[in-house]
Amino acid sequence: MSNDFTNQVDVSNEDIHWDFSDAMSYGGYLGLDRLLSAQKPVSGEHDEMLFIVIHQVAELWMKLIIHETSGAMAHIRKNETGPALKMLARVSRVQEQLIDAWAVLATMTPADYLAFRDKLGASSGFQSFQYRAIEYRLGNKNAALARVHASNPPAKALVDAALNAPSLWDETLMWMARKGYDIPASHLTRDWSSPYEASPEIEAVWRTIYQDSVTHWEAYELGEKLVDLEHKFQQWRFNHMKTVERIIGYRKGTGGTSGVSYLVKALDLRFFPEIWTVRTAL
């Protein structure tokens with residue numbers, strides 16, 4: 001009786017490239033020698049590798065979020081909502097990866113983390129300059145938070161650029177004004193580094209859009225993409241807070257914040273307030 005199963009794949013008829021001495025390889029293209037050597041645990045504890053990888057992967061995803069958000073904002077400035085919608089949808093899918101990552105980190109018990117936590121010194125996710133740049137790009141303009149990056153000039157430059165430029169919401173409102181929607185002048189020319197103040201006039205515009213989405217489909221579709229993006233961001237924040245609570249309880253954060261109590265405050269922040277409050281007004 002013949003055995004149809006094998007533990008080897010026959011590659012004799014495949015035109016596989018074996019020699020990469022003069023060609024681009026997979027590892028070379030991705031820079032895997034640098035990427036896979038960037039994990040440098042400072043303790044001998046097993047779970048520190050998990051902690052490092054989770055945060056490094058998060059920073060890579062955040063790099064992509066900055067890339068896609070920048071692209072979307074550039075298209076909105078050129079009144080090209082189609083490509084912008086695609087990029088914003090991609091951001092939301094990336095956010096799902098960040099949300100799911102907390103479940104992996106949550107496999108680490110309090111004892112696992114406390115075994116190496118003291119080795120982290122004052123390092124903290126609060127110091128993530130990419131995260132801060134994302135928040136600023138989306139609209140949470142709290143200038144005081146940029147101070148933590150003062151000792152890192154390249155990071156400070158990225159953060160300051162996002163702080164002083166129009167946010168995604170600002171760009172959306174300027175696009176709406178160009179499309180003929182009645183956006184107050186006070187929200188079209190302002191100090192972009194200042195916190196955004198919600199406007200009843202802008203909520204009224206969104207009410208018109210949502211009450212007749214067929215007529216205002218382009219704005220309606222863009223608004224819904226922004227709702228999805230912010231919804232995912234809030235899920236990420238919530239899962240972050242609950243994971244921290246699960247692992248360290250209400251201990252103070254390594255970066256000096258109050259830990260869970262600080263993270264809870266962030267759950268009340270809104271990037272695009274009027275497309276949320278309009279839901280009550282409809």
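This report walks through a predicted model of one protein chain, from its overall build to single residues.

## Overall build

The chain is helical. It has twelve helices and zero strands. Read from the N terminus, the order of elements is α-α-α-α-α-α-α-α-α-α-α-α. Along the principal axes, the C-alpha atoms fill a box of roughly 75 × 55 × 45 Å.

Contacts across the sequence matter for this picture. Take the contacts in the chain with a separation of 6 or more: 70% of them come from residues 24 or more positions apart.

## Surface and charge

The chain has 282 residues, and 41% of them count as buried. Its accessible surface comes to about 16,100 Å². Carbon and sulfur atoms hold 56% of that surface.

The chain carries 29 positive and 35 negative charges.

## A nonpolar patch

Four residues form a nonpolar patch on the surface: Val9, Val11, Ile16 and Trp18. Together they have about 450 Å² of accessible area. Val9 sits in the segment before helix H1, which spans 26–30. Is Val9 buried or exposed? Its relative accessibility is 72%, so Val9 counts as exposed, the cut-off being over 50%.

Ser92 belongs to helix H4, residues 81–105. Its relative accessible area is 1%. That is under 20%, so Ser92 is buried. Which residues does Ser92 touch, leaving aside neighbours within four places in sequence? The contacts are Asp228, Leu229 and Lys232.

Ala58 is in helix H3, residues 48–77. Its relative accessibility is 17%, and Ala58 therefore counts as buried, since the limit is under 20%. Compare the position of Ala58 with that of Lys40. The two are 18 residues apart in sequence. From C-alpha to C-alpha, they are 17 Å apart in space.

## Salt bridges between helices

Side chains of opposite charge can pair when their charged atoms come close. A search of the whole structure finds 16 salt bridges.

One of them joins the side chains of Arg90 and Glu68, at 3.0 Å from N to O. This pair links distant parts of the chain. Arg90 is in helix H4, Glu68 is in helix H3, and 22 residues separate them. The partners differ in cover. Arg90 is partly exposed, with a relative accessible area of 37%. Glu68 counts as buried, at 5% relative accessibility.

Another salt bridge is formed by Arg279 and Glu224, whose closest N and O atoms are 2.7 Å apart. Arg279 lies in helix H12 (residues 274–281) and Glu224 in helix H10 (residues 217–248), so this pair ties together parts 55 residues apart in sequence. Arg279 counts as partly exposed, at 32% relative accessibility. Glu224 counts as partly exposed too, at 30%.

Where do Glu245 and Lys242 lie? Both are in helix H10. They are three residues apart, about one turn of the helix. Glu245 counts as partly exposed, with 24% relative accessibility. Lys242 counts as partly exposed, with 36%.

Salt bridges can also link up. Here, a network of them connects Arg93, Glu96, Asp228 and Lys232. Two of these names have come up already: Asp228 and Lys232 are among the contacts of Ser92.

Most residues other than glycine have a negative phi. Asn79 is not a glycine, yet its phi is positive, about 60°. Which part of the chain holds Asn79? Asn79 lies in the loop between H3 and H4. At 35% relative accessibility, Asn79 counts as partly exposed.

Notes: Residues numbered from 1 in each chain as written. Predicted model: local features only at pLDDT ≥ 70, side-chain atom pairs only at ≥ 80, totals over all residues. Heavy atoms only, no water. Helix = DSSP H or I, 4+ residues; strand = E, 2+ residues; numbered from the N terminus. Buried < 20%, exposed > 50% of the residue type's maximum accessible area, 1.4 Å probe, protein only. Contact = heavy atoms within 4.5 Å. Areas by Shrake-Rupley, 256 points an atom, 1.4 Å probe, with all protein chains shown as cover. Lys, Arg positive; Asp, Glu negative; His and termini not counted. Charge placed at Lys NZ, Arg CZ, Asp CG, Glu CD. Patch = residues over 30% accessible without salt bridge, like charges linked within 9 Å, V, L, I, M, F, W, Y side chains within 5 Å.
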